[in-house]
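Thank you for asking me to look at this model with you. Please keep the sequence and the 3D view open side by side while you read the points below.

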Amino acid sequence: MALTNRIQSPLATLIPFITPEEAAALAYPPDALPGARDVETFYGTMRVYEWGPVGGEKVLFVHGDATPSLVFSKIAQGLVDSGYRVMLFDLWGRGYSDTPLGCRHDVRLFASQILYALTSSPIPWMGDGNRFSIVAFSLGGPISLAFTCVYPKAIQSLVLLGPAGLLRTLPEGYEDQLMHHPELAPSPESIREKVREILEVAPSGPALNTKLDQGRAIPLEMGPSRVEKSFDMGAILQWQFDHHRGHVRSFQDTVRYGPSRGREDLWGEVCDIIAGRTERDSALRGSKLLIFFGRDDGIVIGNETTEDILKLLPPAHLHVEYLPGGHGFPYPNSEKITQTILSVWSS
């Protein structure tokens, strides 16, 4: 049973109080992807999705600090169509996962969340020779590296999309005093406004006709059998800002304590594993680190990050691809990313 020191997600604070038709029309509907389950943990309830052939090679997806797991929906389905088993989950304070209170939103909190997701599966993902690959975006990069440092034998390969952890300059607004010293804020609304500016969302989206005295028990639907629908990432950010009561708190705390930059320790340890300098029985030994960058990404700048990675990893172990777009490049380039992943893994 989850501890009560948390802010519940829209699964508890919104969905029971709107009609099924309204829920289905949300930018992030509660049954958006196949294989949904809600996992009770010590930190709160988290949303996990898992589908694909039971016997297929396994792939875990870890998203970034803003857009929840739907950013991977098309890539995940593309891998399922090629025989892989996939798992996605919403990080704390995003999507349909609660916001834990009384703890820092740092790399340890998020990396340990991976364990909760994996152990909630009906099939083994770790131990007894079981391994899986990770596809991670933005802040999900250093979160996944931290997990790999502790469990190197569990990881088959790594694919990173616009990965954080080595940023030379933080995004605009991330160094604002309110983000690092919220106790100095004149009001909670001032922090909310600063987060709104960073996320570039509207002050408030369309209101829903919530009937707070008519809450319904919502059975968890399995959702579609495959991903056919396209999602609007900008609308999802707006929905999350409007309806996840803990999102602002979690986002602010992640900016304050998260692993956006200065994590050469995590990068270095994983690069040592890939280069064969440590953990000689890890499947990552001798592998290629596949990284995608957006050509116009002003947050994770490809040439700077590549230069810093090459200080840690021999060029023979690095495969870099550039795709059109800014930091939000993964979703519109899902097909190309999927094709490249399959090609690199098959070789």
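The notes that follow take up a pair of helices, then the surroundings of one of them, and then some aromatic rings.

1. Before anything else, please bear in mind that this is a predicted model, and that residues are numbered from 1 along each chain as its sequence is written.

2. I would begin with helix α5, which spans residues 140-150, and helix α10, which spans residues 264-274; they pack with their axes 9 Å apart and at an angle of about 55°. The two helices are therefore described as oblique to each other, and the crossing that α5 makes as it passes α10 is left-handed.

3. Looking at the contact itself, you will find that α5 contributes Pro142, Leu145, Ala146, Thr148 and Cys149, while α10 contributes Leu266, Trp267, Glu269, Val270 and Ile273.

4. Which elements do the buried residues of α10 pack against? They pack against α5, and also against α4 (107-119), β8 (155-161), β9 (289-294) and α11 (302-309). The buried residues in α10 are Leu266, Trp267, Gly268, Val270, Cys271, Ile273 and Ile274, and just after this helix glycine 276 takes a positive phi of about 85°.

5. Turning to the aromatic rings, the structure holds twelve aromatic pairs. In one of them, tyrosine 28 and tyrosine 96 have ring centres 4.7 Å apart and planes at 70°, and because an angle over 60 degrees counts as edge-to-face, the pair is given that name. Tyrosine 28 sits in the loop between α2 (20-24) and β2 (36-41), whereas tyrosine 96 sits in the loop between β5 (85-89) and β6 (99-100), so this pair ties together parts that are 68 residues apart in sequence. Tyrosine 28 has a relative accessible area of 0% and is therefore buried, and tyrosine 96, at 0% relative accessibility, counts as buried too.

6. Tyrosine 28 also forms an aromatic pair with tryptophan 239, and here the arrangement is tilted, with 5.3 Å from centre to centre and 55° between the planes. Since tryptophan 239 belongs to helix α8 (residues 233-243) and tyrosine 28 to the loop between α2 and β2, the pair ties together parts that are 211 residues apart in sequence. Tryptophan 239 is buried, with a relative accessible area of 4%.

7. Finally, please look for Trp125, Phe132, Phe147 and Tyr151, which are linked into a cluster by ring pairs.

Methods:
This is a predicted model: local features need pLDDT of at least 70, side-chain atom pairs count only at pLDDT 80 or more; totals for chains, interfaces and linings use all residues. Side-chain values use heavy atoms; hydrogens and water are left out. Axes are lines fitted to C-alpha atoms, for helices over the stretch in contact, and angles run from 0 to 180 degrees between N-to-C directions. Helices (H or I, at least four residues) and strands (E, at least two) are DSSP runs, numbered from the N terminus. Angles under 35 degrees count as roughly parallel, over 145 as roughly antiparallel, 65 to 115 as roughly perpendicular and the rest as oblique. A crossing is left-handed if the near helix is turned anticlockwise from the far one by less than a right angle, and right-handed if clockwise. Contact means heavy atoms within 4.5 Å. Rings of Phe, Tyr and Trp (its six-membered ring) pair if their centres lie within 6.5 Å; planes under 30 degrees apart count as stacked, over 60 as edge-to-face and the rest as tilted. Buried means under 20% relative accessible area, exposed over 50%, partly exposed in between (1.4 Å probe, protein chains only).
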